[in-house]
Amino acid sequence: MLLTWIAEIADEPLVLEPSDRRVEWRTNTWYLSAEDEDKQSLSVTEVVAAFERTAQAIRHRIHALGFAGVATFYVWHDVQVDQLRCSTGSVAVDELPFGGTYLPSDDLVPVVEGFLSDRRPAGTNPSDQTAPNAMTPFPVWVRNVGPTSR
């Protein structure tokens with residue numbers, strides 16, 4: 001199911017509105033969970049390829065819309081709720097709307113590996129010993145999907 005959900009993101013509503021980033025966030029952000037059996041049946045390569053295809057499809061959609069600004073598609077593993085999350089925004093890589101420190105990367109493998117190897121029930125919180133420190137940067141895979149970049 002996870003691969004299907006990732007593919008479907010490319011066809012979901014897409015809003016690029018630099019003057020209203022909240023609307024972008026609400027419309028363009030997706031939360032993806034998977035049961036342990038699903039995680040065990042997937043390879044990192046399959047999931048990475050699915051996100052790559054989705055990013056490419058979003059790039060084509062943005063081009064077709066005639067949007068001329070910066071646009072970034074990005075994916076991260078929310079460890080606290082055991083979800084892969086992704087979003088598209090009219091922001092540069094160094095302006096993503098996170099409250100914490102993040103490390104932008106062009107390598108999606110560590111993000112997907114972290115998610116697939118997490119064997120807690122989806123939606124449960126880790127203990128304080130496994131929760132990342134609020135100051136610890138977390139990896140975020142980023143892909144420029146707009147016609148321009150900064």
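**Helix α1.** Helix α1 lies across β1 and β3 (83-89). Its direction is at about 175 degrees to β1. I note here that the model is predicted.

**Helix α5.** I then looked up helix α5, which spans residues 109-117. Helix α5 lies across β1, β2, β3 and β5. I read its angle to β2 as about 35 degrees.

**Element order.** I listed the elements next. The protein has five helices and five strands. From the N terminus they follow the order α-α-β-α-α-β-β-β-α-β.

**The sheet.** In which order do the five strands sit in the sheet? I found β1-β3-β2-β5-β4, in an open sheet with mixed pairing. The edge strands are β1 (29-32) and β4 (102-105), and each of them pairs on one side only. On average, neighbouring strands in this sheet are turned by 25 degrees against each other, with direction ignored.

**Strands β2 and β5.** I looked at one pairing more closely. Strand β2 covers residues 72-78 and strand β5 covers residues 138-144. The two run antiparallel and are joined by five bridges. I picked out Thr 72, which stands opposite Asn 144 in β5.

**Salt bridges.** I counted four salt bridges in the structure.

Glu 24 has a relative accessible area of 3%, so I put it down as buried.

*Lys 39 and Asp 82.* Their side chains meet in a salt bridge, at 2.7 Å from N to O. Lys 39 belongs to helix α3 (residues 36-41), whereas Asp 82 is in the loop between β2 and β3, so this pair ties together parts that are 43 residues apart in sequence. I looked up the burial of both. Lys 39 is buried, with a relative accessible area of 1%. Asp 82 is also buried, and its relative accessible area is 0%.

*Arg 85 and Asp 78.* I found these two side chains in a salt bridge at 3.3 Å, N to O. Arg 85 and Asp 78 are both buried.

**Whole chain.** I noted the totals after that. Of the 150 residues in the protein, 39% are buried. The accessible surface comes to about 8100 Å², and carbon and sulfur atoms hold 53% of it. I also looked up how far apart in sequence the contacts reach. Among contacts with a separation of 6 or more, 76% are between residues 24 or more positions apart.

**Confidence.** Last, I looked up pLDDT. The mean for the protein is 89, and 87% of the residues reach 70 or more. Where does the pLDDT fall below 50? I found this over residues 126-132, a stretch that has five contacts in the model beyond near neighbours in sequence.

Conventions:
Residues numbered from 1 in each chain as written. Predicted model: local features only at pLDDT ≥ 70, side-chain atom pairs only at ≥ 80, totals over all residues. Heavy atoms only, no water. Helix = DSSP H or I, 4+ residues; strand = E, 2+ residues; numbered from the N terminus. Buried < 20%, exposed > 50% of the residue type's maximum accessible area, 1.4 Å probe, protein only. Contact = heavy atoms within 4.5 Å. Areas by Shrake-Rupley, 256 points an atom, 1.4 Å probe, with all protein chains shown as cover. Pairing = 2+ DSSP bridges. Axes fitted to C-alpha atoms, helices over the stretch in contact; angles between N-to-C directions. pLDDT = per-residue confidence, 0-100.
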